[in-house]
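Here are some brief notes to read alongside the model. Please check each point against the coordinates.

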Amino acid sequence: IKTLHCLDHDDNKHSTTGLDVQTTYFVREDPFNSNHIIICTTDLGLQNSYDNGNTWQRMEITDTNYNIYNTCYDLYFDKYNQDVVYGLWSSRHDAPYNPTIYDKDYTCGAFAKSTDGGKTWDFSFSTGIPSDAIPVKLSIIHNEDSFTIAVATFNKGFYISTNGGQNFTSINAGMDEVEGLIYGEDVVITNDTIYCLTAPYLDNGYWNASKLYKYNRQNTTIETINLGEIVLARSLTYNENKGLYINVIPTYKYQWFDEYNNGSWVNEHGGIYHYNGTTTNMVFANNDGIFYSTFGNDGKMYATDTYGKVFVIDDNGDRVLCEGLFNMLKNISFSLDGKIMYITTFGGGTYRITNYTLLDRFNK
């Protein structure tokens, strides 16, 4: 396990690798050059490495769109066109965890395109997503003949593009609004469906539950999926063979989020729930709360909880892969060959975990 952050918690200083301590979102690898990887970060936009993570280069911010560079929430390397990268950008520091009507103010955001491997970005590339949106998650179906993108924004709902991001249209019709806003949390696109997850929100000290919508791409209709006991859903996981999963925390009990806790657990359980097309059922219980899960190249599910643990889950059950990582964990991503796992965190930088399959065998 290698930490990709420095020990000095002052964002104005950086380690010899060039990395600051901060919140990070995803690590993405260039399909044309495995030595080129990018970390999506808050406050610094993104960090490029051209030597497989040994040294890092901050993004140069010289464009007139300076404010929009604050946070890169997600990005995607075009696997058919070298040096083409798509990203989600916002001026907002960390999408808020206590949504309010004020989240529509003083914000600018964009789905943007880079043609030089993520060094510079064109923020005028796409249209259709409101300029004051906070785009936070993307999901893509991409082959040589078509390129379809779904985007979740944290204050303006959900959007789809069928022409590679040049134009987006809203799919918000039929979704519940909160004082004119739709708090998009995550999105998953399949060949026939778009699953849209909204964030929970506080109202006078009490949580209103997350909503999960199923958008039919053929007839453009939308239905609400019954989440049962789920209140605080944080992310979605999709596997073509196994279906849709919802990652849930029982409450915001972590020290950073005490102000959002009304004194009692909101969900009876945290963990991972499976949607079978009709109902949602828990498949993995964890009362520290599962923030994110994904499937590795080996077909196993990997998950992060909110207290520094990474789990592996398969037909043999579940077990802790590693623990004691710094801070509340966020997302998991893999190198294209599946040999490296990256874990992003709230405020603790990024972890690179190698030989995790060996660790998994050892834990058995």
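Is Cys196 buried or exposed? The points below start there.

1. The model is predicted. Cys196 is buried, because its relative accessibility is 0%, below the 20% cut-off. Cys108 reaches a relative accessible area of 26%. That makes Cys108 partly exposed, because the value lies between the 20% and 50% limits.

2. The disulfide count is 0. The rule asks for a pair of cysteine sulfur atoms within 2.5 Å. In general terms, a disulfide is a covalent bond joining the sulfur atoms of two cysteines.

3. The largest nonpolar core holds 58 residues. Trp89, Phe111, Trp121, Met341 and Ile343 have the most contacts inside this core. Strand β6 (residues 71-77) gives the most to this core, contributing 5 residues. As a general background, nonpolar side chains tend to be buried together in soluble globular proteins.

4. Thr193 belongs to strand β14, which covers residues 193-198. Thr193 is buried, because its relative accessibility is 7%, under the 20% limit. Its side chain makes a polar contact with the side chain of Asp192, at 3.0 Å. Beyond the neighbours within four places in sequence, Thr193 is in contact with Val188, Lys214, Tyr215 and Arg217.

5. Strands β21 (residues 271-275) and β22 (residues 280-285) pair in the antiparallel sense, over 5 bridges. Gly271 stands opposite Ala285 in β22. The two strands, β21 and β22, form a hairpin, with 4 residues between them. Look at Gly277 in the turn: its phi is positive, about 100 degrees.

Conventions: Residues numbered from 1 in each chain as written. Predicted model: local features only at pLDDT ≥ 70, side-chain atom pairs only at ≥ 80, totals over all residues. Heavy atoms only, no water. Buried < 20%, exposed > 50% of the residue type's maximum accessible area, 1.4 Å probe, protein only. Core = buried A, V, L, I, M, F, W, Y, C linked by side-chain atoms within 4.5 Å. Polar contact = N/O pair within 3.5 Å; in protein donor to acceptor, adjacent residues only side chain to side chain. Contact = heavy atoms within 4.5 Å. Pairing = 2+ DSSP bridges.
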